[in-house]
Amino acid sequence: MRPTDPIYRNRLPHLTPAGGVFFITFRLHDSLPQAVNRKLYQEPEQKLSTLKEQGPTDLSQKVEIAQKRSFAKFDQALDHKPFGECWLKREEVAKVVVERLWEYHDRWYSLQAYCIMPNHVHILIDTSSGQVFQKLSVIMQRIKGGTAREINQRLNRKGVFWQKDSYDHLVRNQEEWLKIYAYILNNPVKAGLVNDIQHWPYSYGCNEFLAE
């Protein structure tokens, strides 16, 4: 049996079983004002603490529900009047992220969809179809660590580039996959950046289930 990442507490709760399909969002370090950051982090922390006090019964399901609610608030805040330097809106920066996402495709996962927004990134990956199994936590460390170094060099800057935490959600079935797939590709339209998803240059969708 392949090893699994446990539920853990690093500000946000995570449930990452081996070989799962995951919807992941990671964002720039300065993507939200500090006051908003603190508020959005405190709520899931308090919720997780309450869930643990209630005992282990259905903890995974309760964590997942809390995680979804936390993400909805984060994503709304990220899309509403993008905050910070928004480095990802620059073509040379977005291309670094795209190249790194494809670098691990087939090796550690199947890249099924992505969308690079001005201050955050959405990806959909299947970790069961890679040539070599790798934990999701390691995958994200490699993606974020490698891109941060290269982008900082290109921008001639120093300091933290990505926010430490990422949001990850385990995709349970095809119906949920389709909803998340559409959500990722429609994000630029929803945020008012373009009128048609075809006009956004920093996105990709594999159409895996759409032809069925």
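This is a predicted model: local features need pLDDT of at least 70, side-chain atom pairs count only at pLDDT 80 or more; totals for chains, interfaces and linings use all residues.
Local features need pLDDT of at least 70 and side-chain atom pairs count only at pLDDT 80 or more, while totals for chains, interfaces and linings use all residues. Residues are numbered from 1 along each chain as its sequence is written, and side-chain values use heavy atoms, with hydrogens and water left out.

**View 1. Helix α5, from end to end.** Residues 174–190 form α5, a helix of 17 residues (a DSSP run of H or I, at least four residues; strands are runs of E, at least two; both are numbered from the N terminus). From first C-alpha to last it reaches 23 Å, close to the 24 Å expected (1.5 Å times one less than its number of residues). Look for the bend of about 35 degrees at I184, with P188 following within four residues; the bend is the angle between axes fitted to the seven residues ending there and the seven starting there. I184 and P188 are among the buried residues of α5, as are W177 and Y181 (buried: under 20% relative accessible area; exposed: over 50%; partly exposed: in between; 1.4 Å probe, protein chains only).

**View 2. The two ends of α5.** At the N-terminal end, N173 is the cap, with a side-chain oxygen 3.3 Å from the backbone nitrogen of E175. Just after the helix, G192 has a positive phi of about 80 degrees.

**View 3. D106 in its loop.** D106 sits between α3 (91–103) and β4 (110–116). Its phi is positive, near 75 degrees, though it is not a glycine. D106 is partly exposed, at 39% relative accessible area.

How values were computed:
A polar contact is a pair of N or O atoms within 3.5 Å; within protein, one must be able to donate a hydrogen and the other to accept it, and residues adjacent in sequence count only if both atoms are side-chain atoms.
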